[in-house]
Amino acid sequence: LLAIGAQEALERHGIRCPRDVSITGYNDADFMRRLTPAFTTVRVPLNTMGALAARTLLAWLGGEQPERSMQMLLPVELMERGTTARLQRD
């Protein structure tokens, strides 16, 4: 939604996407590919994130002492669509 707001604000100032600037959103919500132009986004593994959160919560409710701070690196995927321009090389 922030990417859509950015595009609208830029257009109000005469800046067009992707002619003048590229915009990339985050989390690849289904409607992002239905917009015109379709938005480039970073797809995150929401199902995996939810499953890991649920397992951690169940372990905590079961009496386990999860780490106070835990980090996991999950894969993401760039879904390149119409709001990003190809890099112009000299």
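The model is predicted, so local features need pLDDT of at least 70 and side-chain atom pairs count only at pLDDT 80 or more, whereas totals for chains, interfaces and linings use all residues. Residues are numbered from 1 along each chain as its sequence is written, and side-chain values use heavy atoms, with hydrogens and water left out.

Please begin by selecting residues 24–26 and 77–79, which are the strands β1 and β3. Helices (H or I, at least four residues) and strands (E, at least two) are DSSP runs, numbered from the N terminus. With β2, these strands form an open sheet in the order β1-β2-β3, and the pairing is mixed. Both β1 and β3 are edge strands, each pairing on one side only. From one strand to the next, the twist averages 25°; for such angles, axes are lines fitted to C-alpha atoms, for helices over the stretch in contact, and angles run from 0 to 180 degrees between N-to-C directions.

Two strands are said to pair if DSSP finds at least two bridges between them. In general, strands of a sheet pair through backbone hydrogen bonds, either parallel or antiparallel. Within this pairing, Y26 stands opposite V42 in β2.

Now select T40, also in strand β2. T40 is buried, with a relative accessible area of 1%; buried means under 20%, exposed over 50%, and partly exposed in between (1.4 Å probe, protein chains only). Leaving out residues up to four places away in sequence, T40 touches several residues, among them I23, T24, G25, L78 and M79. Contact here means heavy atoms within 4.5 Å.

**The loops around β1**

Move to the loop between β1 and β2 and select N27, which is located there. N27 has a phi near 95°, a positive value in a residue other than glycine, and is partly exposed at 31% relative accessibility. D28 is placed in the loop between β1 and β2 as well. Its phi is near 50°, again positive in a residue other than glycine, but D28 is buried, with a relative accessible area of 10%.

Further along, select T36 and P37: the peptide bond from T36 to P37 is cis, with omega near -5°. Another cis peptide bond joins C17 and P18, with omega about 5°. P18 is found in the loop between α1 (2–12) and β1.

Select L61, in helix α2 (residues 46–61). L61 counts as exposed at 62% relative accessibility. Together with L57, L58 and W60, L61 makes a nonpolar surface patch of about 480 Å². Patches are made of residues with over 30% relative accessible area and no salt bridge, with like charges joined within 9 Å and nonpolar side chains (Val, Leu, Ile, Met, Phe, Trp, Tyr) within 5 Å. A salt bridge is a side-chain nitrogen of Lys or Arg within 4 Å of a carboxyl oxygen of Asp or Glu. Accessible areas come from the Shrake-Rupley method with a 1.4 Å probe; for residues, only the protein chains shown count as cover.

Finally, select L74 in the loop between α2 and β3. L74 is partly exposed, with a relative accessible area of 26%. Leaving aside neighbours within four places in sequence, L74 is in contact with P45, T48, M49 and L52. From C-alpha to C-alpha, L74 and A54 are 16 Å apart in space and 20 residues apart in sequence.
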